[in-house]
Amino acid sequence: MSIVIILALLIITQAPTVNVLIILNCLIGIVTVLSAKVSLLSLWSLVSNYTYLNVVHYYFASNGYGLLALTDKSSLHILEMSKYSLILNLSLLFWSMFTMFSSREDDLLKTYSFEALEKNNSRQFINFACLVAIACSIIEFPRLPFTSVSSAARFATLLPGTGWNHLALIAMLFLLPSLKHSKQVKWTYIFVIFWFLSHGERVDMIGFLILLLFLYLKNHKITISTLIKSIVVALIIFLVFSYIGERRGGADNITLGSLFEKLFKQNTASDVGYVFNISCDYIKKYPLTHGKLLIFYLEQIIPDLAIPSVQNCGDIFLGARYAYPGGAYILTEPLLDFGVLGVLIIPNVYLGLIYMFLKNKRQYKFYVYIFLVATVLRYVWYGMEYIETALVWFIPFFYYLYHKRVKVKFS
(Lines give C-alpha, C1' and ligand atoms only; values in the text may rest on other atoms or scores of the structure.)
Protein backbone atom coordinates (compact mmCIF):
# COMPACT_ATOMS: atom_id res chain seq x y z
CA MET A 1 0.00 0.00 0.00
CA SER A 2 2.87 2.36 0.77
CA ILE A 3 4.34 1.74 -2.67
CA VAL A 4 0.97 2.34 -4.35
CA ILE A 5 0.43 5.59 -2.43
CA ILE A 6 3.91 6.90 -3.26
CA LEU A 7 3.50 5.98 -6.93
CA ALA A 8 0.11 7.72 -7.00
CA LEU A 9 1.67 10.86 -5.55
CA LEU A 10 4.44 10.72 -8.15
CA ILE A 11 1.90 10.43 -10.94
CA ILE A 12 -0.11 13.36 -9.54
CA THR A 13 2.89 15.64 -9.08
CA GLN A 14 4.48 14.48 -12.38
CA ALA A 15 7.83 15.69 -11.07
CA PRO A 16 9.46 13.12 -8.77
CA THR A 17 12.69 14.35 -7.23
CA VAL A 18 15.91 12.34 -7.27
CA ASN A 19 15.71 11.79 -3.50
CA VAL A 20 12.18 10.40 -3.73
CA LEU A 21 13.16 8.04 -6.54
CA ILE A 22 16.21 6.82 -4.64
CA ILE A 23 14.13 6.08 -1.55
CA LEU A 24 11.48 4.39 -3.67
CA ASN A 25 14.04 2.20 -5.44
CA CYS A 26 15.52 1.14 -2.11
CA LEU A 27 12.07 0.43 -0.67
CA ILE A 28 10.93 -1.66 -3.64
CA GLY A 29 14.26 -3.51 -3.73
CA ILE A 30 13.87 -4.48 -0.07
CA VAL A 31 10.24 -5.55 -0.57
CA THR A 32 11.25 -7.65 -3.60
CA VAL A 33 13.94 -9.50 -1.65
CA LEU A 34 11.57 -10.09 1.28
CA SER A 35 8.85 -11.29 -1.08
CA ALA A 36 10.96 -13.48 -3.37
CA LYS A 37 13.28 -14.65 -0.55
CA VAL A 38 16.02 -16.94 -1.97
CA SER A 39 15.30 -16.57 -5.66
CA LEU A 40 16.77 -15.56 -8.98
CA LEU A 41 14.52 -12.50 -8.67
CA SER A 42 16.14 -11.41 -5.41
CA LEU A 43 19.60 -11.92 -6.96
CA TRP A 44 18.65 -9.71 -9.91
CA SER A 45 17.35 -7.11 -7.47
CA LEU A 46 20.46 -7.19 -5.26
CA VAL A 47 22.98 -7.03 -8.12
CA SER A 48 21.17 -4.35 -10.14
CA ASN A 49 20.44 -2.18 -7.11
CA TYR A 50 24.01 -2.56 -5.85
CA THR A 51 25.20 -1.12 -9.18
CA TYR A 52 22.70 1.73 -8.84
CA LEU A 53 23.78 2.43 -5.24
CA ASN A 54 27.40 2.82 -6.35
CA VAL A 55 26.22 5.65 -8.61
CA VAL A 56 24.05 7.12 -5.83
CA HIS A 57 27.03 7.03 -3.45
CA TYR A 58 29.09 9.03 -5.94
CA TYR A 59 26.20 11.45 -6.48
CA PHE A 60 25.98 12.30 -2.77
CA ALA A 61 29.54 11.74 -1.52
CA SER A 62 31.52 12.72 -4.64
CA ASN A 63 33.63 9.65 -3.91
CA GLY A 64 33.81 7.05 -6.64
CA TYR A 65 36.02 4.73 -8.64
CA GLY A 66 37.46 4.86 -12.14
CA LEU A 67 35.63 6.68 -14.92
CA LEU A 68 32.61 7.20 -12.69
CA ALA A 69 34.80 9.26 -10.33
CA LEU A 70 35.93 11.36 -13.30
CA THR A 71 32.37 12.07 -14.43
CA ASP A 72 31.28 15.66 -13.83
CA LYS A 73 28.11 15.91 -11.73
CA SER A 74 26.46 17.89 -14.54
CA SER A 75 27.02 14.85 -16.81
CA LEU A 76 25.60 12.39 -14.29
CA HIS A 77 22.10 11.40 -15.42
CA ILE A 78 21.01 10.41 -11.93
CA LEU A 79 17.33 11.28 -12.50
CA GLU A 80 17.06 9.16 -15.64
CA MET A 81 19.00 6.28 -14.08
CA SER A 82 16.68 6.40 -11.07
CA LYS A 83 13.59 6.28 -13.30
CA TYR A 84 14.89 3.34 -15.33
CA SER A 85 15.94 1.52 -12.15
CA LEU A 86 12.44 2.10 -10.79
CA ILE A 87 10.96 0.40 -13.86
CA LEU A 88 13.23 -2.62 -13.39
CA ASN A 89 12.51 -2.77 -9.65
CA LEU A 90 8.76 -2.64 -10.24
CA SER A 91 9.09 -5.42 -12.83
CA LEU A 92 10.96 -7.62 -10.34
CA LEU A 93 8.40 -6.80 -7.64
CA PHE A 94 5.57 -7.81 -9.98
CA TRP A 95 7.16 -11.19 -10.79
CA SER A 96 7.86 -11.88 -7.12
CA MET A 97 4.41 -10.94 -5.77
CA PHE A 98 1.97 -11.82 -8.56
CA THR A 99 3.43 -14.97 -10.13
CA MET A 100 4.63 -18.39 -8.94
CA PHE A 101 8.21 -17.67 -10.00
CA SER A 102 9.78 -18.51 -6.63
CA SER A 103 7.53 -21.55 -6.15
CA ARG A 104 8.64 -23.00 -9.47
CA GLU A 105 12.27 -22.51 -8.44
CA ASP A 106 11.63 -24.31 -5.14
CA ASP A 107 9.84 -27.20 -6.86
CA LEU A 108 12.70 -27.69 -9.31
CA LEU A 109 15.35 -27.78 -6.56
CA LYS A 110 13.27 -30.11 -4.39
CA THR A 111 12.74 -32.54 -7.27
CA TYR A 112 16.43 -32.89 -8.09
CA SER A 113 18.29 -33.32 -4.84
CA PHE A 114 22.06 -33.69 -4.88
CA GLU A 115 21.74 -37.10 -3.25
CA ALA A 116 19.72 -38.39 -6.18
CA LEU A 117 21.84 -36.68 -8.83
CA GLU A 118 25.06 -38.04 -7.32
CA LYS A 119 23.96 -41.59 -8.00
CA ASN A 120 23.84 -40.79 -11.72
CA ASN A 121 27.37 -39.35 -11.96
CA SER A 122 29.34 -42.27 -13.40
CA ARG A 123 33.06 -42.61 -12.76
CA GLN A 124 33.74 -42.01 -16.47
CA PHE A 125 31.70 -38.81 -16.50
CA ILE A 126 33.36 -37.50 -13.32
CA ASN A 127 36.81 -38.15 -14.83
CA PHE A 128 35.82 -36.37 -18.02
CA ALA A 129 34.26 -33.35 -16.26
CA CYS A 130 37.27 -32.97 -13.93
CA LEU A 131 39.62 -33.08 -16.90
CA VAL A 132 37.57 -30.46 -18.78
CA ALA A 133 37.41 -28.13 -15.75
CA ILE A 134 41.19 -28.27 -15.20
CA ALA A 135 42.16 -28.13 -18.88
CA CYS A 136 39.85 -25.20 -19.67
CA SER A 137 41.16 -23.27 -16.66
CA ILE A 138 44.71 -23.61 -17.97
CA ILE A 139 43.64 -22.73 -21.53
CA GLU A 140 41.90 -19.59 -20.25
CA PHE A 141 44.88 -18.57 -18.10
CA PRO A 142 48.03 -20.20 -19.55
CA ARG A 143 50.52 -18.58 -17.16
CA LEU A 144 51.95 -19.43 -13.79
CA PRO A 145 49.89 -18.18 -10.83
CA PHE A 146 50.55 -14.61 -9.67
CA THR A 147 53.07 -13.98 -12.46
CA SER A 148 51.01 -11.37 -14.28
CA VAL A 149 47.52 -10.02 -13.68
CA SER A 150 47.49 -7.15 -16.19
CA SER A 151 44.41 -6.89 -18.39
CA ALA A 152 46.35 -7.70 -21.56
CA ALA A 153 47.89 -10.82 -20.03
CA ARG A 154 44.70 -12.01 -18.35
CA PHE A 155 42.79 -12.31 -21.63
CA ALA A 156 45.58 -13.96 -23.64
CA THR A 157 44.22 -17.51 -23.89
CA LEU A 158 46.18 -20.58 -24.97
CA LEU A 159 43.61 -21.37 -27.70
CA PRO A 160 41.22 -19.05 -29.60
CA GLY A 161 37.80 -18.41 -28.12
CA THR A 162 36.15 -16.64 -25.20
CA GLY A 163 34.14 -19.44 -23.62
CA TRP A 164 36.81 -21.49 -21.86
CA ASN A 165 35.96 -20.02 -18.45
CA HIS A 166 32.30 -20.91 -18.87
CA LEU A 167 33.17 -24.42 -20.02
CA ALA A 168 35.18 -24.88 -16.82
CA LEU A 169 32.30 -23.47 -14.76
CA ILE A 170 29.73 -25.76 -16.37
CA ALA A 171 31.93 -28.79 -15.73
CA MET A 172 32.03 -27.75 -12.06
CA LEU A 173 28.23 -27.41 -11.99
CA PHE A 174 27.75 -30.96 -13.29
CA LEU A 175 30.25 -32.17 -10.69
CA LEU A 176 28.51 -30.33 -7.85
CA PRO A 177 26.33 -33.28 -6.75
CA SER A 178 29.51 -35.37 -6.24
CA LEU A 179 31.42 -32.68 -4.34
CA LYS A 180 30.54 -33.98 -0.88
CA HIS A 181 31.79 -37.53 -1.31
CA SER A 182 34.39 -37.41 -4.08
CA LYS A 183 37.99 -36.43 -3.27
CA GLN A 184 38.71 -36.12 -6.96
CA VAL A 185 35.97 -33.52 -7.35
CA LYS A 186 37.14 -31.67 -4.23
CA TRP A 187 40.70 -31.38 -5.58
CA THR A 188 39.36 -30.27 -8.95
CA TYR A 189 37.36 -27.52 -7.25
CA ILE A 190 40.39 -26.41 -5.23
CA PHE A 191 42.57 -26.25 -8.35
CA VAL A 192 40.06 -24.38 -10.53
CA ILE A 193 39.15 -21.82 -7.86
CA PHE A 194 42.82 -21.25 -7.02
CA TRP A 195 43.79 -20.99 -10.69
CA PHE A 196 41.10 -18.42 -11.48
CA LEU A 197 41.79 -16.27 -8.42
CA SER A 198 45.58 -16.44 -8.77
CA HIS A 199 45.16 -14.94 -12.23
CA GLY A 200 42.97 -12.12 -10.98
CA GLU A 201 39.67 -13.44 -12.39
CA ARG A 202 36.91 -12.86 -9.84
CA VAL A 203 33.48 -12.74 -11.47
CA ASP A 204 33.11 -16.45 -12.31
CA MET A 205 34.28 -17.61 -8.90
CA ILE A 206 32.18 -15.02 -7.06
CA GLY A 207 29.21 -16.32 -9.03
CA PHE A 208 30.04 -19.88 -8.06
CA LEU A 209 30.27 -18.94 -4.37
CA ILE A 210 26.95 -17.08 -4.72
CA LEU A 211 25.46 -20.33 -6.02
CA LEU A 212 26.79 -22.32 -3.05
CA LEU A 213 25.43 -19.75 -0.58
CA PHE A 214 22.16 -19.66 -2.54
CA LEU A 215 21.73 -23.45 -2.34
CA TYR A 216 22.66 -23.42 1.36
CA LEU A 217 19.90 -20.91 2.11
CA LYS A 218 17.46 -22.86 -0.06
CA ASN A 219 18.10 -25.99 2.01
CA HIS A 220 17.96 -24.36 5.45
CA LYS A 221 15.21 -22.59 7.28
CA ILE A 222 16.03 -18.89 7.24
CA THR A 223 16.42 -17.83 10.87
CA ILE A 224 18.21 -14.83 12.39
CA SER A 225 21.22 -17.05 13.05
CA THR A 226 21.29 -18.36 9.45
CA LEU A 227 20.90 -14.83 8.10
CA ILE A 228 23.74 -13.46 10.25
CA LYS A 229 26.03 -16.32 9.21
CA SER A 230 25.22 -15.70 5.54
CA ILE A 231 25.87 -11.96 5.84
CA VAL A 232 29.21 -12.59 7.56
CA VAL A 233 30.24 -15.09 4.87
CA ALA A 234 29.13 -12.67 2.11
CA LEU A 235 31.13 -9.86 3.74
CA ILE A 236 34.26 -12.01 4.00
CA ILE A 237 33.89 -13.02 0.34
CA PHE A 238 33.49 -9.35 -0.60
CA LEU A 239 36.62 -8.29 1.30
CA VAL A 240 38.75 -11.13 -0.11
CA PHE A 241 37.68 -10.48 -3.67
CA SER A 242 38.06 -6.72 -3.25
CA TYR A 243 41.65 -7.37 -2.14
CA ILE A 244 42.23 -9.49 -5.25
CA GLY A 245 40.78 -6.69 -7.39
CA GLU A 246 43.05 -4.10 -5.80
CA ARG A 247 46.09 -6.29 -6.28
CA ARG A 248 45.09 -6.88 -9.89
CA GLY A 249 44.95 -3.12 -10.35
CA GLY A 250 48.50 -2.77 -9.03
CA ALA A 251 47.70 -1.34 -5.56
CA ASP A 252 50.28 -2.07 -2.85
CA ASN A 253 49.10 -0.21 0.25
CA ILE A 254 45.82 -2.02 0.93
CA THR A 255 44.20 -1.62 4.35
CA LEU A 256 41.09 -3.15 5.88
CA GLY A 257 39.54 0.34 5.93
CA SER A 258 40.14 0.80 2.20
CA LEU A 259 38.51 -2.56 1.52
CA PHE A 260 35.40 -1.63 3.56
CA GLU A 261 35.29 1.64 1.64
CA LYS A 262 34.81 -0.47 -1.49
CA LEU A 263 31.32 -1.45 -0.31
CA PHE A 264 29.86 1.51 -2.20
CA LYS A 265 32.65 2.24 -4.67
CA GLN A 266 33.36 -1.27 -5.83
CA ASN A 267 35.46 -1.36 -9.00
CA THR A 268 33.29 -3.39 -11.37
CA ALA A 269 29.96 -2.09 -10.06
CA SER A 270 31.23 1.49 -10.45
CA ASP A 271 32.42 0.82 -13.99
CA VAL A 272 29.08 -0.74 -14.90
CA GLY A 273 27.29 2.18 -13.22
CA TYR A 274 29.33 4.50 -15.43
CA VAL A 275 28.28 2.46 -18.49
CA PHE A 276 24.66 2.85 -17.36
CA ASN A 277 25.21 6.62 -17.20
CA ILE A 278 26.72 6.95 -20.68
CA SER A 279 23.88 4.76 -22.01
CA CYS A 280 21.44 7.39 -20.72
CA ASP A 281 23.58 10.06 -22.36
CA TYR A 282 23.76 8.13 -25.62
CA ILE A 283 20.00 7.94 -26.18
CA LYS A 284 19.73 11.70 -25.64
CA LYS A 285 22.32 12.50 -28.32
CA TYR A 286 22.17 9.68 -30.87
CA PRO A 287 19.47 7.63 -32.63
CA LEU A 288 18.28 4.40 -31.02
CA THR A 289 19.66 1.20 -32.48
CA HIS A 290 16.18 -0.29 -33.04
CA GLY A 291 16.95 -3.93 -32.40
CA LYS A 292 20.48 -4.10 -33.79
CA LEU A 293 21.74 -5.41 -30.46
CA LEU A 294 19.24 -8.27 -30.47
CA ILE A 295 20.43 -9.16 -33.97
CA PHE A 296 23.99 -9.00 -32.65
CA TYR A 297 23.00 -11.60 -30.03
CA LEU A 298 21.69 -13.92 -32.73
CA GLU A 299 24.94 -13.54 -34.66
CA GLN A 300 26.95 -14.53 -31.62
CA ILE A 301 25.10 -17.85 -31.28
CA ILE A 302 27.08 -19.13 -34.29
CA PRO A 303 30.76 -18.47 -33.43
CA ASP A 304 31.83 -18.00 -37.08
CA LEU A 305 29.53 -15.00 -37.36
CA ALA A 306 30.98 -13.31 -34.28
CA ILE A 307 32.31 -9.84 -35.01
CA PRO A 308 36.13 -9.94 -34.60
CA SER A 309 37.61 -8.23 -31.51
CA VAL A 310 34.18 -7.20 -30.20
CA GLN A 311 33.31 -8.51 -26.74
CA ASN A 312 29.86 -6.98 -26.37
CA CYS A 313 27.54 -4.41 -27.90
CA GLY A 314 29.04 -1.61 -25.83
CA ASP A 315 32.21 -1.81 -27.92
CA ILE A 316 30.21 -1.10 -31.07
CA PHE A 317 28.15 1.89 -29.97
CA LEU A 318 29.37 3.23 -26.62
CA GLY A 319 33.08 2.56 -27.11
CA ALA A 320 33.11 4.57 -30.32
CA ARG A 321 31.87 7.74 -28.61
CA TYR A 322 32.85 7.57 -24.92
CA ALA A 323 35.67 6.49 -22.68
CA TYR A 324 34.55 2.92 -22.18
CA PRO A 325 35.69 0.54 -19.38
CA GLY A 326 33.83 -2.50 -20.73
CA GLY A 327 30.65 -4.16 -19.58
CA ALA A 328 27.02 -3.81 -20.51
CA TYR A 329 24.60 -3.25 -17.63
CA ILE A 330 21.35 -5.19 -17.87
CA LEU A 331 19.49 -1.99 -18.87
CA THR A 332 22.13 -0.72 -21.30
CA GLU A 333 21.11 -2.81 -24.28
CA PRO A 334 17.34 -2.26 -23.83
CA LEU A 335 18.02 1.49 -23.59
CA LEU A 336 20.16 1.62 -26.70
CA ASP A 337 17.74 -0.51 -28.70
CA PHE A 338 14.36 0.96 -27.77
CA GLY A 339 14.79 3.60 -25.06
CA VAL A 340 12.42 3.58 -22.09
CA LEU A 341 10.17 1.11 -23.95
CA GLY A 342 13.06 -1.35 -24.07
CA VAL A 343 13.61 -1.01 -20.30
CA LEU A 344 9.94 -1.81 -19.76
CA ILE A 345 9.73 -4.74 -22.19
CA ILE A 346 13.06 -6.56 -22.63
CA PRO A 347 13.85 -7.46 -18.96
CA ASN A 348 10.27 -8.68 -18.59
CA VAL A 349 10.64 -10.80 -21.73
CA TYR A 350 13.76 -12.40 -20.21
CA LEU A 351 11.93 -13.02 -16.92
CA GLY A 352 8.91 -14.37 -18.78
CA LEU A 353 11.06 -16.82 -20.74
CA ILE A 354 12.73 -18.04 -17.54
CA TYR A 355 9.31 -18.35 -15.86
CA MET A 356 7.98 -20.50 -18.72
CA PHE A 357 11.19 -22.53 -18.74
CA LEU A 358 10.71 -23.38 -15.07
CA LYS A 359 7.12 -24.58 -15.58
CA ASN A 360 7.90 -28.28 -16.07
CA LYS A 361 10.40 -29.98 -13.79
CA ARG A 362 13.12 -31.55 -15.91
CA GLN A 363 16.65 -32.53 -14.98
CA TYR A 364 18.11 -30.52 -17.86
CA LYS A 365 16.33 -27.42 -16.54
CA PHE A 366 17.95 -27.92 -13.15
CA TYR A 367 21.43 -27.45 -14.63
CA VAL A 368 20.35 -24.46 -16.71
CA TYR A 369 18.79 -22.89 -13.63
CA ILE A 370 21.85 -23.26 -11.39
CA PHE A 371 23.96 -21.90 -14.26
CA LEU A 372 21.73 -18.78 -14.36
CA VAL A 373 22.24 -18.37 -10.61
CA ALA A 374 26.02 -18.84 -10.83
CA THR A 375 26.40 -16.37 -13.73
CA VAL A 376 24.06 -13.64 -12.44
CA LEU A 377 26.96 -11.17 -12.21
CA ARG A 378 27.99 -11.97 -15.78
CA TYR A 379 24.73 -11.13 -17.52
CA VAL A 380 23.60 -8.31 -15.21
CA TRP A 381 26.99 -6.57 -15.56
CA TYR A 382 28.25 -7.68 -18.97
CA GLY A 383 25.22 -8.53 -21.09
CA MET A 384 23.38 -11.66 -22.16
CA GLU A 385 25.84 -12.55 -24.93
CA TYR A 386 28.29 -13.61 -22.22
CA ILE A 387 26.15 -16.63 -21.35
CA GLU A 388 24.38 -17.54 -24.58
CA THR A 389 27.21 -19.73 -25.92
CA ALA A 390 27.03 -21.78 -22.73
CA LEU A 391 23.24 -22.00 -22.90
CA VAL A 392 23.10 -22.95 -26.58
CA TRP A 393 26.15 -25.22 -26.88
CA PHE A 394 28.01 -26.11 -23.68
CA ILE A 395 25.18 -27.19 -21.35
CA PRO A 396 23.41 -29.35 -23.99
CA PHE A 397 26.77 -31.00 -24.81
CA PHE A 398 27.52 -31.82 -21.17
CA TYR A 399 23.97 -32.95 -20.51
CA TYR A 400 24.07 -35.28 -23.51
CA LEU A 401 27.23 -36.97 -22.21
CA TYR A 402 25.81 -37.08 -18.69
CA HIS A 403 22.35 -38.32 -19.71
CA LYS A 404 23.67 -41.21 -21.81
CA ARG A 405 24.36 -43.04 -18.54
CA VAL A 406 21.36 -41.83 -16.52
CA LYS A 407 18.84 -44.56 -15.79
CA VAL A 408 17.13 -43.17 -12.67
CA LYS A 409 13.77 -41.48 -13.13
CA PHE A 410 12.77 -38.70 -10.76
CA SER A 411 9.27 -38.40 -9.39
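This is a predicted model: local features need pLDDT of at least 70, side-chain atom pairs count only at pLDDT 80 or more; totals for chains, interfaces and linings use all residues.

Reader: How many helices and strands does the protein chain have, and what makes a run count as one?

Author: There are 22 helices and zero strands in the protein chain. Helices are DSSP runs of H or I with at least four residues, strands are runs of E with at least two, and both are numbered from the N terminus.

Reader: What share of the protein chain is buried, and what makes a residue count as buried?

Author: Of the 411 residues in the protein chain, 51% are buried. Buried means under 20% relative accessible area, exposed means over 50%, and partly exposed lies in between (1.4 Å probe, protein chains only). As for contacts (heavy atoms within 4.5 Å), 78% of those between residues at least 6 apart in sequence join residues at least 24 apart.

Reader: How do you know that the span of helix α2 agrees with its number of residues?

Author: The expected span is 1.5 Å times one less than the number of residues. Helix α2 (residues 18–36) has 19 residues and should therefore span 27 Å, and its end C-alpha atoms are 27 Å apart, which agrees.

Reader: Which residues of α2 are buried, and why are they said to be on the same side?

Author: The buried residues of α2 are Val18, Leu21, Ile22, Leu24, Asn25, Ile28, Gly29, Thr32 and Ala36. They cover an arc of only 165° around the axis, so they are on the same side of α2; the arc is that of the directions from the helix axis to the C-beta atoms. An α-helix has 3.6 residues a turn, so residues three or four places apart point the same way. On the other side of α2, Ile23, Ile30 and Leu34 are exposed. Just after α2 comes lysine 37, with a positive phi of about 60°.

Reader: Why are α11 and α12 called oblique to each other?

Author: Helix α11 (residues 183–198) and helix α12 (residues 203–218) pack at an angle of about 140°, and their axes are 9 Å apart. Axes are lines fitted to C-alpha atoms, for helices over the stretch in contact, and angles run from 0 to 180 degrees between N-to-C directions. Angles under 35 degrees count as roughly parallel, over 145 as roughly antiparallel, 65 to 115 as roughly perpendicular and the rest as oblique. That is why α11 and α12 are oblique to each other. In this contact, Tyr189, Val192, Ile193, Phe196 and Leu197 of α11 meet Asp204, Met205 and Phe208 of α12. These residues divide into seven nonpolar, no polar and one charged, where Ala, Val, Leu, Ile, Met, Phe, Trp, Tyr, Cys and Pro count as nonpolar, Asp, Glu, Lys and Arg as charged, and the others, Gly among them, as polar.

Reader: And what makes α12 and α20 oblique?

Author: α12 and α20 pack at an angle of about 120°, with 8 Å between their axes, and they are therefore oblique to each other. From α12 the contact involves Gly207, Phe208, Ile210, Leu211, Phe214 and Lys218, and from α20 it involves Tyr369, Ile370, Val373 and Ala374. The division in this contact is eight nonpolar, one polar and one charged.

Reader: How do you know that aspartate 271 is buried?

Author: Aspartate 271, in helix α15 (residues 267–285), has a relative accessible area of 17% and therefore counts as buried. Not counting residues up to four places away in sequence, aspartate 271 touches Tyr65, Leu67 and Pro325.

Reader: What makes proline 334 buried?

Author: The relative accessible area of proline 334 is 2%, so this residue is buried. Proline 334 is found in helix α18 (residues 332–338). Leaving aside neighbours within four places in sequence, proline 334 is in contact with Gly339, Gly342, Val343, Ile346 and Pro347.

Reader: Why does histidine 290 count as exposed?

Author: Histidine 290 has 59% relative accessibility, so it counts as exposed. Histidine 290 lies in the loop between α15 and α16 (292–301), and its phi is near 50°, a positive value in a residue other than glycine.

Note on methods
Residues are numbered from 1 along each chain as its sequence is written. Side-chain values use heavy atoms; hydrogens and water are left out.
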